[in-house]
Amino acid sequence: MLKNNVINRTFIKDEVYKILLHLIVTGKLKQNEKININDIADELNVSRTPVREAVLMLENDGFIISNANKSTVIAPVNIKQAEEIYPLVFTLEILALKEGFKNIGDQEISLLKKYNDELMNTISSNDFEKFVDCDYMFHKIIIDSAKNSELSNILDGLKKKIQRIEFCYYEKVEHKMTSFGGHEKIIESLEKRDLEQSLINLKNNWQDSLESLKAIKNLEK
């Protein structure tokens, strides 16, 4: 799993972090799976120190936990996390749209259409990793319009946690067309230069996703 990854020797710690984060977010490293620093270092052909540093960074970000028995494992995922994170994300993304609305022109709308069309294609091809990437890029256009690096960084960290939740749960529900349709409404209101409706459509898009997760929670009871 790890041997196919190429490490940039200038920033080894950061490269190890990115590789492990991707494997965690996409579910290739399973929740509650034990982490062995020596094994990871051997597979990536790096020393133990950058692996330890990367694992500590992931622990600080909430993706890895250290137990009292000194074992280090991938943090579990649950619906409650989504109920806490989604409102934060759509509140901050609404703020980004308010700040950046004046910067969203024909070029940005064309990109939104491009990523939403690609998202639609992933539904028919059942490429869920690409689906998540397209959804991320769609919303990134809106976030970047605010030209606020602090806001972008905060949202990017939260989005990684959301993507992990999506990989764990969203393939189990029929939500993909709802996501596509929600994006279409956002694009339509942006083309009409209707800020208030765009804000409503953006919030609804996130709330619809959260409702899908809550439906799963009810099924699990």
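**Figure 1. Salt bridges of the predicted model.** Counted as a side-chain nitrogen of Lys or Arg within 4 Å of a carboxyl oxygen of Asp or Glu, the salt bridges number 9. Side chains of opposite charge can pair when their charged atoms come close. The protein carries 31 positive and 35 negative side chains, and the centres of these two sets are 4 Å apart. Here Lys and Arg count as positive and Asp and Glu as negative, while His and the chain ends are not counted; each charge is placed at NZ of Lys, CZ of Arg, CG of Asp or CD of Glu. The model is predicted, with local features requiring pLDDT of at least 70 and side-chain atom pairs counting only at pLDDT 80 or more, whereas totals for chains, interfaces and linings use all residues. Residues are numbered from 1 along each chain as its sequence is written, and side-chain values use heavy atoms, with hydrogens and water left out.

**Figure 2. The pair Glu84 and Lys80 in helix 4.** A salt bridge joins the side chains of Glu84 and Lys80, with an N to O distance of 2.4 Å. Both residues belong to helix 4 (residues 79-100) and stand 4 residues apart, about one turn of the helix. Helices (H or I, at least four residues) and strands (E, at least two) are DSSP runs numbered from the N terminus. Glu84 is partly exposed at a relative accessible area of 45%, and Lys80 is also partly exposed, at 48%. Buried means under 20% relative accessible area, exposed over 50%, and partly exposed in between, using a 1.4 Å probe and protein chains only.

**Figure 3. The pair Glu93 and Lys159, between helix 4 and helix 7.** Glu93 and Lys159 form a salt bridge whose closest N and O atoms are 3.3 Å apart. Glu93 lies in helix 4 and Lys159 in helix 7 (residues 149-169), so this pair ties together parts that are 66 residues apart in sequence. Glu93 is buried, with a relative accessible area of 0%. Lys159 is buried as well, with a value of 6%.

**Figure 4. The pair Glu118 and Lys114 in helix 5.** The side chains of Glu118 and Lys114 meet in a salt bridge of 3.0 Å, N to O. The two residues lie in helix 5 (residues 106-125), 4 residues apart, about one turn of the helix. Glu118 is partly exposed at 24% relative accessible area, and Lys114 is partly exposed at 37%.

**Figure 5. Surroundings of Asp61.** Asp61 sits in the loop between helix 3 (48-60) and strand 1 (64-66). Its relative accessible area is 30%, which makes Asp61 partly exposed. Leaving aside residues up to four places away in sequence, Asp61 touches Tyr17 and Lys161, where contact means heavy atoms within 4.5 Å. The C-alpha atoms of Asp61 and Gly157 are separated by 8.1 Å, although these residues are 96 residues apart along the chain.

**Figure 6. Setting of the close-up views within the protein.** The protein has 9 helices and 2 strands, arranged along the sequence in the pattern α-α-α-β-β-α-α-α-α-α-α. Its C-alpha trace spans about 55 × 45 × 30 Å along the principal axes. Buried residues account for 45% of the 221 residues. Of the contacts between residues at least 6 apart in sequence, 74% join residues at least 24 apart.
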